[in-house]
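This briefing is meant to be read alongside the sequence and the coordinates. Please keep both at hand while going through the points.

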Amino acid sequence: MEALLIKVEKRNDVSPSIYFLTPILAIFLTLIGGAIIFYVLGFNPIEALKFFFVTPISDLYGLSELLVKATPLCLIAIGLSFCFKSNNWNIGAEGQLIFGGIVGGGVALLFYGHDGFYVLPIIILSGAIGGMIFALIPAILKTYFNTNEILVSLMLVYVAKLLLDYLVVGPWSNPEGFNFPETRQFSESARMPILFDGLRIHAGIFITLATVFLSWLILYKTYLGFQIKVSGLSLKTAKYAGYKGKTMIIIVFIISGACAGLAGVGEITGPIGQLHRNISPDYGFTAIIVAFLGRLNPVGIIFASLVVALTYLGAETAQIFLQVPKYTGQVFQGMILFFLLGSDYLLFFKIKFLGLRKNEL
Amino acid sequence: MSFDINFIGILIGAVMASSVPLILAACGELITERSGVLNLGVEGMMIIGAISGFALMVVTDNLFLAVIGSMLSGLIISIIFALLTQSLLTNHVATGLALTIFGIGMSAMIGKNFVGIPGKEFPLLFVDLKESVPFLGPIFFGHSIILYFAFLLPFLTNYFLKNTKLGLIVRAVGDSPTSASNQGINVLLVRYSCILYGGAMCGLAGAYLSLIYTPQWIENMTGGRGWIALALVVFATWSPIKVLIGALIFGGITILQLHMQAVGLRIPVQLLSALPYIMTIIVLVVISRDSRKIKLNTPTSLGQIFYKEK
């Protein structure tokens, strides 16, 4: 009998190269996993993967769609990275996105028929404030009542969804809309400018890019960013250093709420142009995957948002060509996170192969 | 509208039926959480149970196999979660979310060929008693065996946790895995078992939806019930009996909505639907501000990663 001897050792320090290589490993493993699933379901795996990951971005329109989907994902994930870095588990970004959309959409309806350069900035600002307010609920409950932020932020997602549903069915529904659950189409002055004729890519991408740059500045060049990182690494150290823990919780929630609210308002003034029941295909939840895949790093998150946006597009293409349901994208999103989290084991533990040894039976 | 006493009985019966998936999933998750593991994958495991149960029913034409199969598939998918969080020490919150996202996607892929197929009639017990006994008949009789099991489960769970040695071990692992480990308890084994049990119960909850409650397969048919079940565990402050009460309240609100529309009351249904979530937040605030209250039943190590140096 021969036995392969494997020894697992705890690493003393995390190797930076592995830290940024494991996401690529996770994507690779996801592709293999996806091929296996397609094969089991009776598809040609290579062809199916091609429909999923190549066909959608093989023309200009596809590339524009990729950016349209990556824009909100990246924005929300950037905000979440502040929370996750400081060990605050805001998983209700979907609710903050919807509430930002509600507030922004309400203002847009208020300005219905108004022209003027000031309309759009006011709408965008109010959307950000809406997301911020909604994120403040779990933050304040956590700081003053010691309430678990995971559960509160999650419960609020459903409250926001139901509020949106109430508004578009009831008081805000289009008076000339034959009782469809949707508001009026916003005026032209309330819409994000389209960047190229015939494509859907809109000015929201500049908001996202500006936020990425700002958050890089805050995280890596300011004392606040340093405090956030330290409290994420060790709460005890942060307390010992005298950081105001409560203020920090509020700040990171405000940042991530504002980002999610901006994403929401970007969607309704950009590609959608009105409020209806489904203003987000779960961007708020998927952004959690983006944040992890991007290693909570602003540049990493840009790349991660493109990868995850591709799973959305791929699912749409595959739905047309392979007649698979649109939820197929979620299989890939789930797998990416599984493999990424799993491969993190390599960060903290060394696996040593001690060679083969003959065992006597 | 006349105040028919029999109608009230039927209403109560309907409330009970709509609370069954919540009770099953919440009781499963309660055991998982009591061992110190926070599994946010309830929704994913439920929907996998729903499609596997329905698919097995269509393929084998055997309801017994379908129910057992749904529990097994819930269990199998929870192995992914157990493996990652317990053996590869991943973050519980992120892994659970991945499980839910993956489960919803996977169930839609498997269920592609089962959309639009009519379900089979599930045998109901004591149907003649339901008709003949006024008021109490529709409450106590004419239900499926899974409903009776679900209403027994909180009491069984309570007995298990409070009065058995295994229950004590589960609680010990949840409160302090390190001390439990020092006492010679195999923490990993206990947590794996609790996660797998939770998975099986969520699978059964899903099967109740696709085989009995609305006997068909619809994409995303659990519709957030998994998240309500999660909220319910906290709402009940980790006590099985309170899970039962909470599930009846949550189920009651669902039924109330349906009937309020019929009666024509002018309260928006969305407000009613939001009530369970808002109530959960309020309960969370009330139990969390008093540290003694929350310490009473909360598994102290909930969601923390346990690593034993070898």
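The model is predicted, with an ipTM of 0.89 and a pTM of 0.90. Chain B contains 14 helices and 0 strands.

**Confidence**

- The mean pLDDT of chain A is 90, and 95% of its residues score at least 70.
- Within chain A, confidence is lowest in strand S1 (residues 2-10), where the mean is 66, and highest in helix H4 (residues 93-110), where it reaches 97.
- For chain B the average pLDDT is 89, with 95% of the residues at a score of at least 70.

**Overall fold of chain B**

- Read from the N terminus, the order of elements in chain B is α-α-α-α-α-α-α-α-α-α-α-α-α-α.
- Chain B has a radius of gyration of 20 Å, close to the 19 Å that the globule rule gives for 310 residues, so chain B is as compact as a globular protein of that length.
- Along the principal axes, the C-alpha atoms of chain B fill a box of roughly 65 × 45 × 35 Å.
- Of the 310 residues in chain B, 50% count as buried.
- Among contacts in chain B with a separation of 6 or more, 78% join residues 24 or more positions apart.

**Helix pair H2 and H3 of chain B**

- Helix H2 (residues 42-60) and helix H3 (residues 63-87) of chain B have axes that come within 7 Å and cross at roughly 145°.
- The crossing of H2(B) with H3(B) is right-handed.
- H2(B) contributes residues including Met45(B), Ile48(B), Gly49(B), Ser52(B) and Gly53(B) to the contact, while those from H3(B) include Ala66(B), Gly69(B), Ser70(B), Ser73(B) and Gly74(B).
- The contact of H2(B) with H3(B) comprises 9 nonpolar, 9 polar and no charged residues.

**Lys85(A), a buried lysine**

- Lys85(A) belongs to helix H3 (residues 60-85) of chain A.
- Lys85(A) counts as buried because 20 C-beta neighbours lie inside 10 Å.
- Leaving aside residues up to four places away in sequence, Lys85(A) touches Ile228(A), Lys229(A), Gly232(A) and Leu296(A).
- Lys85(A) and Ile228(A) are 143 residues apart along the chain, yet their C-alpha atoms are separated by 6.6 Å.

**Loop asparagines with positive phi**

- Asn146(A), located in the loop between H5 and H6 of chain A, has a phi near 65°, a positive value in a residue other than glycine.
- With 15 other C-beta atoms within 10 Å, Asn146(A) is partly exposed.
- In chain B, Asn220(B) sits in the loop between helix H10 (187-213) and helix H11 (225-235).
- The phi of Asn220(B) is positive, about 60°, although this residue is not a glycine.
- Asn220(B) is partly exposed, having 15 other C-beta atoms within 10 Å.

Key: Residues numbered from 1 in each chain as written. Chains lettered and ligands numbered in written order. Predicted model: local features only at pLDDT ≥ 70, side-chain atom pairs only at ≥ 80, totals over all residues. Helix = DSSP H or I, 4+ residues; strand = E, 2+ residues; numbered from the N terminus. Rg over C-alpha atoms; globule rule 2.2 N^0.38 Å. Buried ≥ 20, exposed ≤ 12 C-beta atoms within 10 Å, placed from the backbone. Contact = placed C-beta atoms within 7 Å. Axes fitted to C-alpha atoms, helices over the stretch in contact; angles between N-to-C directions. Left-handed = near helix turned anticlockwise from the far one by under 90°. Nonpolar A, V, L, I, M, F, W, Y, C, P; charged D, E, K, R; others polar. pLDDT = per-residue confidence, 0-100.
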